[in-house]
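Dear colleague,

I am passing on the structure we talked about, together with some notes on what turned up in it.

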Amino acid sequence: MIGIDKMNFFTPNTYIDLVTLANKRGVDPNKFTIGIGQSKMAVPTITQDTVSMGANAAFPILDKEDLETIDLIVVGTETGIDESKSSAAFIHQLLNIHPFAKSVEVKQACYGATAGLMMAKDYIKAHPGRKALVIGSDISRYGLNTSGEVTQGAGAIALLISENPRILALDDTSVAMTESIFDFWRPNYRDTAIVDGKYSNEAYVNFFTTIWEEYKNRTNHSLSDFSAFCFHLPYSKMGRKALLPVLENESEELATKLLKNYDLSTDYTKNIGNIYTGSLYLSLMSLLDHSDNTLKENDLIGFFSYGSGAVGEIFSGRLVPGYENFLMKEEHIAMLDERYDLSIEEYEAIFNKELPKTDGTHPLSEAKYDKSLFYLSSITDHQRHYSQRQ
Ligand code: HMG
């Protein structure tokens with residue numbers, strides 16, 4: 001058995017309430033809170049980036065033995081901080097993982113962390129007893145006053161992958177699909193994404209239904225085998241749009257169960273927004289943290305990973321006996337409760353701030369807002385330096 005042994009997420013300390021945003025943009029707040037299904041949106045200061053958020057997500061779950069056993073660090077991201085050096089190499093150092101490990105970054109929009117998870121599973125299969133760290137870390141930016149603005153967000157997830165996992169054992173069967181399309185993309189010279197919103201929604205649903213048909217053919221699984229389905233959630237209503245059509249021919253009892261668990265899986269996304277690569281795994285943490293142990297050992301959980309451009313994959317895993325003892329529910333809820341509620345002026349000022357791009361030493365400080373353990377503390381001659389709060 002190989003799978004998720006420990007897991008955690010991190011989101012920055014600052015957010016904007018979406019009713020505040022709707023009022024400022026002259027939009028009916030119900031469009032954001034009911035139509036899109038979002039309540040709050042994480043807004044990172046310039047001192048939080050893909051590296052610091054990834055390290056903040058991983059640090060709390062790693063003990064000394066993990067640091068000596070992790071051979072592979074994969075960061076899935078589409079908002080990396082360097083075209084050459086991987087964010088994984090920075091994170092390897094910040095976490096103090098032993099030197100004889102490999103560190104890489106992978107990219108395919110929001111699918112990247114799933115690619116990392118599959119790499120990690122194969123690595124552990126070939127190297128029994130060793131471990132892999134998979135991180136998904138991103139900042140979602142469309143721009144102020146755009147239709148995508150309400151679906152921004154920021155955060156990271158960390159998964160420790162090992163043999164005999166204590167949370168979720170991954171199945172070997174999965175079905176992936178690729179089609180080169182332009183539903184959402186970001187050329188290298190831009191720091192905000194370009195999106196064809198309606199088409200991206202259609203592509204997402206089309207990928208799910210097409211892969212699901214193939215998955216059923218290849219695995220002989222039916223929907224009734226699953227206790228819950230987790231989705232990549234660019235906003236909380238998106239997965240439901242994909243799930244509803246496949247529930248049409250199912251019993252009311254099954255539909256009720258899957259939709260109830262779907263709702264539980266969306267709570268963290270509603271309060272954080274789109275975290276791109278980490279989103280699917282944030283929905284797993286939301287589901288397990290909120291299910292009050294109604295999900296039992298050996299229950300089968302389905303996963304739909306989607307990354308624009310586009311690659312999708314459906315895979316599955318079974319809950320391990322005692323999984324509930326290894327969740328970090330209290331820490332997660334405290335992290336969300338302790339955040340700072342930004343005014344619209346603060347949000348726009350933080351959004352518009354840019355990192356220095358010139359030679360020399362540039363100390364960075366956002367101490368009023370950013371209380372995180374790891375943060376970007378300076379840029380010296382184009383090199384990023386991170387600090388760890390004591
Ligand atoms: P929009 O045009 O602003 O909104 O774009 P809309 O007019 O489509 O309305 C949204 C919903 O609100 C609709 O409900 C309206 O009826 C409802 P639906 O038909 O969807 O059920 N509505 C209201 N409800 C209550 N009261 C009201 C009201 N008014 C309207 N007064 C869109 C919305 C999500 C397209 C936009 O925000 C966007 O482009 N976001 C970014 C793209 C995105 O998230 N796409 C999702 C699929 S692609 C994906 O998941 C990949 C991604 O994560 C990137 C990656 O892979 O890296 C994005």
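This is a predicted model: local features need pLDDT of at least 70, side-chain atom pairs count only at pLDDT 80 or more; totals for chains, interfaces and linings use all residues.

**What was found**

Arginine 141 lies over the face of phenylalanine 351, at 3.9 Å from the ring centre.

On the overall form, the protein chain contains 13 helices and 18 strands, and its C-alpha atoms fill a box of roughly 60 × 55 × 40 Å along the principal axes. The radius of gyration of the protein chain is 20 Å, which agrees with the value near 21 Å that a compact globule of 390 residues would have. Of those 390 residues, 59% count as buried, and among contacts between residues at least 6 apart in sequence, 75% join residues at least 24 apart.

Turning to the interior, nonpolar side chains in soluble globular proteins tend to be buried together. Here the largest nonpolar core has 77 residues, and those with the most contacts inside it are Leu133, Leu159, Ile161 and Leu288. A second, separate core has 47 residues, including Tyr204, Val205, Trp212 and Tyr215. To return to leucine 288, this residue touches Met7, Ile167, Leu295, Leu319, Tyr323 and Leu327, if residues up to four places away in sequence are not counted.

The aromatic residues deserve a separate look, as the count comes to 25 aromatic pairs. Phenylalanine 59 lies in the loop between α3 (50-58) and α4 (64-69), whereas phenylalanine 374 belongs to strand β17 (residues 374-380), so the pair ties together parts that are 315 residues apart in sequence.

Another pair joins phenylalanine 231 and phenylalanine 304, and it is edge-to-face because the ring centres are 6.2 Å apart and the planes stand at 70°. Phenylalanine 231 lies in strand β12 (residues 226-231) and phenylalanine 304 in strand β13 (residues 300-307), so this pair ties together parts that are 73 residues apart in sequence. Both phenylalanine 231 and phenylalanine 304 are buried, and ring pairs link them into a cluster whose members include Tyr204, Trp212, Tyr215, Phe226 and Tyr262.

Threonine 219 lies in helix α7 (residues 197-219) and counts as buried because its relative accessibility is 17%, where the cut-off for buried is under 20%; its side chain reaches the backbone nitrogen of histidine 221 at 3.1 Å. Leucine 364 lies in the loop between β16 (361-363) and β17, and is buried, with a relative accessible area of 11%. Leaving aside neighbours within four places in sequence, leucine 364 is in contact with Ile46, Thr47, Leu355, Pro356, Leu376, Ser377, Ser378 and Ile379. By contrast, leucine 364 and histidine 232 are 33 Å apart in space, C-alpha to C-alpha, and 132 residues apart in sequence.

With best wishes

Note on methods. Residues are numbered from 1 along each chain as its sequence is written. Side-chain values use heavy atoms; hydrogens and water are left out. Helices (H or I, at least four residues) and strands (E, at least two) are DSSP runs, numbered from the N terminus. Buried means under 20% relative accessible area, exposed over 50%, partly exposed in between (1.4 Å probe, protein chains only). A polar contact is a pair of N or O atoms within 3.5 Å; within protein, one must be able to donate a hydrogen and the other to accept it, and residues adjacent in sequence count only if both atoms are side-chain atoms. A nonpolar core is a set of buried Ala, Val, Leu, Ile, Met, Phe, Trp, Tyr and Cys residues joined through side-chain atoms within 4.5 Å. Contact means heavy atoms within 4.5 Å. Rings of Phe, Tyr and Trp (its six-membered ring) pair if their centres lie within 6.5 Å; planes under 30 degrees apart count as stacked, over 60 as edge-to-face and the rest as tilted. A charge sits over a ring if NZ of Lys or CZ of Arg is within 6 Å of the ring centre and within 35 degrees of the ring normal. The radius of gyration is taken over C-alpha atoms; the globule rule is 2.2 Å times the number of residues to the power 0.38.
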